[in-house]
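Okay, everyone, thanks for coming.

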Amino acid sequence: NYISISDFEVMFTVNANIRAVGVNGWDIKNCISHHSGDTDESEGQGIQLEGKDCEISGNLIYENGQHGIFLSSFGTGKVFNNLVERNEIFNNYHTAIDLMNDGGTQDSHNRTVIRRNLIYDTKDFLGKEVGIQSLGYGIGLVKNAFIHHNIILNVRGVGISAVTNSDSIY
């Protein structure tokens with residue numbers, strides 16, 4: 001808990017460049033995270049977080065097989081009171097920023113702020129990225145997400161997607 005990761009470049013991993021699961025108070029700042037996983041969307045997170053009171057800010061994140069930033073709640077894992085801001089995220093093959101509750105409780109993914117991020121795809125990118133997505137499975141809800149002052153442009157898929165089991169997405 002309460003770990004700061006800053007000013008690293010992490011690349012060419014199979015599943016996740018930076019993963020913090022079951023944590024409190026992490027700060028991931030000013031890192032470069034790229035080329036994790038495969039381009040078939042089967043693997044690859046730039047930054048994966050399952051935690052509370054964390055901040056992901058000022059990072060450059062690109063060319064990851066699945067997600068640029070993946071805030072994931074699985075089972076009993078909690079994703080609460082997190083801030084994602086001032087990141088530049090591009091050319092990820094599934095989602096730039098993904099809020100997902102995969103079978104957690106109805107209250108396990110709550111109060112995320114996503115602001116002041118730049119999300120885009122370059123003209124030669126061939127994936128089908130979603131800019132920002134909120135999605136829950138089973139009884140798992142994603143709720144009380146505040147998404148504002150982001151720039152999403154040139155995305156080959158969907159800009160903002162709030163789908164199954166998304167509640168109070170602002």
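I'll go through the sheet, then the charged pairs, the aromatic rings, the cysteines and one histidine.

Quick housekeeping before that. This is a predicted model, where local features need pLDDT of at least 70, side-chain atom pairs count only at pLDDT 80 or more, and totals for chains, interfaces and linings use all residues. Residues are numbered from 1 along each chain as its sequence is written, and side-chain values use heavy atoms, with hydrogens and water left out.

E14 and E17 are parallel and share 3 bridges, and Ile 119 sits opposite Ile 152 of E17.

Now move over to E16, residues 142-148. E13 runs parallel to E16, with 5 bridges between them, and Ile 114 has Ile 147 of E16 as its bridge partner. E16 also runs parallel to E19, residues 166-169, joined by 3 bridges. There you'll find Val 142 opposite Ser 166 of E19.

On to charges. Side chains of opposite charge can pair when their charged atoms come close. How many salt bridges does the structure hold? There are 2, counting a side-chain nitrogen of Lys or Arg within 4 Å of a carboxyl oxygen of Asp or Glu.

One is Glu 85 with Arg 115, at 2.8 Å from N to O. Glu 85 is in strand E10 (residues 79-85) and Arg 115 is in strand E13 (residues 109-115), so this pair ties together parts 30 residues apart in sequence. Glu 85 is buried at 10% relative accessibility, while Arg 115 is partly exposed at 25%. The cut-offs here: buried is under 20% relative accessible area, exposed is over 50%, and partly exposed is in between, using a 1.4 Å probe and protein chains only.

The other is Lys 29 with Glu 55, whose closest N and O atoms are 3.8 Å apart. That one links distant parts of the chain too: Lys 29 is in strand E4 (residues 27-29) and Glu 55 in strand E7 (residues 55-57), 26 residues apart. Lys 29 is partly exposed, at 25% relative accessibility.

Next, the rings. A search of the whole structure turns up 5 aromatic pairs. Rings of Phe, Tyr and Trp (its six-membered ring) pair if their centres lie within 6.5 Å; planes under 30 degrees apart are stacked, over 60 edge-to-face, and the rest tilted.

Phe 70 and Phe 74 are an edge-to-face pair, 6.4 Å centre to centre with 75 degrees between the planes. Phe 70 is buried at 5%, whereas Phe 74 is partly exposed at 33%. Then there's Phe 90 with Tyr 120, a stacked pair at 4.9 Å and 10 degrees. Phe 90 lies in strand E11 (residues 88-90) and Tyr 120 in strand E14 (residues 118-120), 30 residues apart. Both of these are buried, and together with Tyr 62 they form one aromatic cluster.

What about disulfides? The structure holds 0, where a disulfide would be a pair of cysteine sulfur atoms within 2.5 Å. For Cys 31, the nearest cysteine sulfur is that of Cys 54, 14 Å away. Cys 31 is buried at 2%, and Cys 54 is buried at 3%.

Last stop: His 148, in strand E16. Buried or partly exposed? His 148 is partly exposed, at 30% relative accessibility. Leaving aside neighbours within four places in sequence, His 148 contacts Val 113, Ile 114, Arg 115 and Arg 116, where contact means heavy atoms within 4.5 Å. And Arg 115, remember, is the partner of Glu 85 in that salt bridge.

Terms used:
Helices (H or I, at least four residues) and strands (E, at least two) are DSSP runs, numbered from the N terminus. Two strands pair if DSSP finds at least two bridges between them.
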